[in-house]
Amino acid sequence: VAVRPVVELPDPVLSRPARPAAGLDPPARRQLADDLIDTMRASPACVGLAANQIGVDLRAFVVDITGHRKARSCHGLMVVFDPEVLLAHGPVVAREGCMSVPDLTGDVSRASEVVVRGSDADGGEHVIRADAFEARAVLHEIDHLDGLVFLDRVIGADALFHRKIYR
Amino acid sequence: MAAPTLFAISAVGRDQPGIVAAVTGVLVEQGCNLEDTEMAVLRGHFAMMMLVAGHSSLSAGDLEKALASTAANFDLLVAVRQVDITAVDPTPGSPWSVSVYGADRPGILHDVTAQLSEHGVNVTGVETRLVGHPGRAVYVMLLDVTVPPTADGDAVAAALAELGGRLGVECTMRAADADVL
């Protein structure tokens, strides 16, 4: 298990578009996928992680929303390299936090239905249709790969909140 | 280096371009760093609330003096006081949002927050607006609250809905959990 430290703001790797992962050789690709999965699993509340959140400047992310109460579609563990959004519609506002943004949450509008093309850890091509919470998670991670965090999309100056300590 | 001193600064005046730049310009000159701030226009008046860290040698009186000419230029009422450095969020619990709206009458915010306080619910944010036409004024309130682990959010929500019925206003409370993605 390779749990990597999660990069936080203001690290510039979070604010730059990540590079395509297509040229990565198969073992390195597998390694990156495993690191992302292990790091995501290490934080109980974490349902997704982008490669630049572990300091790797490549277009890859993992999402697993299994068991989440807001889930509708659920593909289990998704590992996606070089994602491309083919379709996104039906904006919905919900509150998000991020492992890379300490202490804050914010209300963000995102599409509630999305179709994404990408490849898995072994290079196989997939087209994934996701909705509701899974769509939100996928779009949040793709934003990371484009150098955006949720702060770039908060709907207003009064839509930023302190993250609560749950006890 | 000595620990910085924390100041709470408030300023209110008729809204016009340049207030934020002028006030923060003075703070920069005084070597201060803005920490948490909220600023908003309330019925044409600009209200600023700032927590600002400054050198340990600086006093609240020094800052008020430094801000005096800007306050005069923009006709701002400015107050500065030194405050303790405390934790970011001392209230444990889960975040909920409360929305209230209805025909305006005195005491709505008081009645709602008194009910919340009875349940140990902490208010962390308030926005109210009086809208609509004279004679048909509508009062709108949005509250951010923290429900402590000792209270049941759904029970508080039910109590608020019942209170809303008695006051003749719509009163809803819903969980506002954030998902960590």
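## A term to start with

A polar contact is a pair of N or O atoms within 3.5 Å; within protein, one must be able to donate a hydrogen and the other to accept it, and residues adjacent in sequence count only if both atoms are side-chain atoms. The side chains of Arg110(A) and Glu96(A) make such a contact at 2.6 Å.

This is a predicted model, in which local features need pLDDT of at least 70 and side-chain atom pairs count only at pLDDT 80 or more, while totals for chains, interfaces and linings use all residues. Residues are numbered from 1 along each chain as its sequence is written, chains are lettered from A and ligands numbered from 1 in the order in which they are written, and side-chain values use heavy atoms, with hydrogens and water left out.

## Around Arg110(A)

Let us stay with Arg110(A), which lies in strand β4 (residues 101-119) of chain A; strands (E, at least two residues) are DSSP runs, numbered from the N terminus. At 5% relative accessibility, Arg110(A) is buried (under 20% relative accessible area, with exposed over 50% and partly exposed in between; 1.4 Å probe, protein chains only). The Arg110(A) side chain also makes a polar contact with that of Asp143(A), at 2.9 Å.

## Where the chains meet

The contact (heavy atoms within 4.5 Å) takes 26 residues from chain A and 19 residues from chain B. About 1900 Å² is buried between the two chains, 53% of it on carbon and sulfur atoms; this is the accessible area (1.4 Å probe) that two parts lose on being put together, summed over both.

Two salt bridges cross this interface, where a salt bridge is a side-chain nitrogen of Lys or Arg within 4 Å of a carboxyl oxygen of Asp or Glu. Asp179(B) meets Lys70(A) in one, at 2.8 Å from N to O. Arg69(A) and Asp177(B) form a salt bridge at 3.0 Å, N to O. Their pair crosses from the loop between β2 (60-63) and β3 of chain A to the loop between β8 (169-175) and β9 of chain B. Arg69(A) is exposed, with a relative accessible area of 60%.

## Salt bridges within chain A

Glu84(A) and Arg117(A) meet in a salt bridge at 3.0 Å, N to O. Glu84(A) lies in strand β3 and Arg117(A) in strand β4 of chain A, so the pair ties together parts that are 33 residues apart in sequence. Glu84(A) is partly exposed at 37%, and Arg117(A) is partly exposed at 34%.

Notes. Helices (H or I, at least four residues) and strands (E, at least two) are DSSP runs, numbered from the N terminus.
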